[in-house]
Amino acid sequence: MNRISKKIDGYFLGLILELFIITMLFVFDVKFQTQSLSFIMFCITFFTIIMTYTGGIIVGLIATSVSIFIYAAYIFYMNLMNNIEITYMSYIWMIFMPIISYTTGKFTNSVNNLQQSNLKLENEYRNLVTIHEDTGLFNIKAFYMNLEREMSKAKRHENALTLMLINLPYYKEIKNILGEVKTNKLMKDISNVVIKSTRIEDERYAIENDTIAIIMPNTDEFGANIVKERIKAGIDELSLSLRDNKNYINIDTKIAVVEYKKNIKSPIEYKTCVQEELQYDV
C-alpha cells in the first residue's frame with residue numbers, strides 16, 4: 001500500500017511539473033504565444049490527459065501518437081511548401097506530449113491499483129467482522145461457526161444444548177412507524193434485555209434485522225423456557241416504557257426453544273427446526 005501511494009505521489013508531482021514547464025513556455029515565449037497552432041496543441045495536450053486518465057495508458061499513447069503524427073506532418077508540409085521555420089517549440093511538443101501521456105497513464109494505473117487494494121481490504125474486513133453493527137451482538141457468520149462447535153461438543157460429551165430464537169414478526173411495521181434510527185435503538189434495547197436475562201456462558205447473536213439467536217450450552221429445554229419467560233417480561237417492560245414516552249408501539253415477539261438432538265445434522269438444519277417452532281408461540 002505504501003509503495004503504491006509513493007508511486008501515485010511521484011507520478012502526480014511529475015505530471016504537475018511537466019504541465020508547469022509546458023505552461024511557462026506557452027506564457028513567456030512571445031512568438032509561441034502568437035501562434036494559433038501551438039495554442040491548439042496546448043488544448044490537445046489537456047484533451048489527451050483526460051483521455052489517458054479515463055481510458056488508460058494505451059488509449060492515451062495512441063491518441064498522442066495520432067496527434068503528433070498529424071502535427072509533425074503539418075509543420076513539415078508548411079516548412080517545405082511555405083518556407084515557415086520549424087521552431088524549437090515544435091520539437092518540444094513532440095517530446096513532451098508522449099511524456100505527459102505516459103506519466104498520466106502510470107498515475108492512472110497506480111490510482112486504479114490503490115482502489116482495487118482498498119476494495120480487497122474492505123471485502124476482507126467484512127469477511128472478518130463478526131459483530132452486528134446495530135446491536136453489538138455477534139452476527140450470523142459467528143452464529144453458524146459457534147453453533148457447529150457447540151453441537152459437536154454436545155454430541156461428543158453428551159451435554160445438553162438448547163437454541164433459542166427471538167423474532168419480531170412486525171419488524172417492518174415498527175420500522176415504518178419509528179424510522180430506521182429509532183428502530184435500531186429499539187433493537188439495541190431488546191439486545192440489552194437479552195443480555196441481562198441470560199448467563200455469561202450463553203452466546204447471543206443478531207442473525208437477522210428482526211431475529212436474535214441464543215446458543216445455550218449445558219441447558220435443557222426446561223431451563224431455556226425459564227430464560228424465555230424472563231426475556232418476555234423484560235420486553236414487556238420495554239413496551240411499557242415506550243408507551244410512557246408516547247411511542248405507541250407494542251413489541252410483539254415470538255420466542256422458540258429447541259433442545260439439540262443427535263439426529264440434527266447441521267447448524268442450518270438446527271436453526272430451521274427452531275424457526276418452525278416460532279409459529280407455535282402465541
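Okay, quick definition before anything else: two strands pair if DSSP finds at least two bridges between them. Strands themselves are DSSP runs of E, at least two residues, and helices are runs of H or I, at least four residues, numbered from the N terminus.

Now the housekeeping. This is a predicted model, where local features need pLDDT of at least 70, side-chain atom pairs count only at pLDDT 80 or more, and totals for chains, interfaces and linings use all residues. Residues are numbered from 1 along each chain as its sequence is written, and side-chain values use heavy atoms, with hydrogens and water left out.

Let's start with strand β3, residues 211-217. Its antiparallel partner β1, residues 161-167, lines up with it over seven bridges, and there Thr-162 sits opposite Met-216. β2, residues 203-208, also runs antiparallel to β3, over five bridges, with Ala-206 facing Ile-212. A two-residue hairpin takes you from β2 into β3.

Buried here means under 20% relative accessible area, exposed over 50%, partly exposed in between, with a 1.4 Å probe and protein chains only. In a regular strand, side chains alternate between the two faces of the sheet. In β3, Thr-211, Ala-213, Ile-215 and Pro-217 cover one side, and Ile-212, Ile-214 and Met-216 the other.
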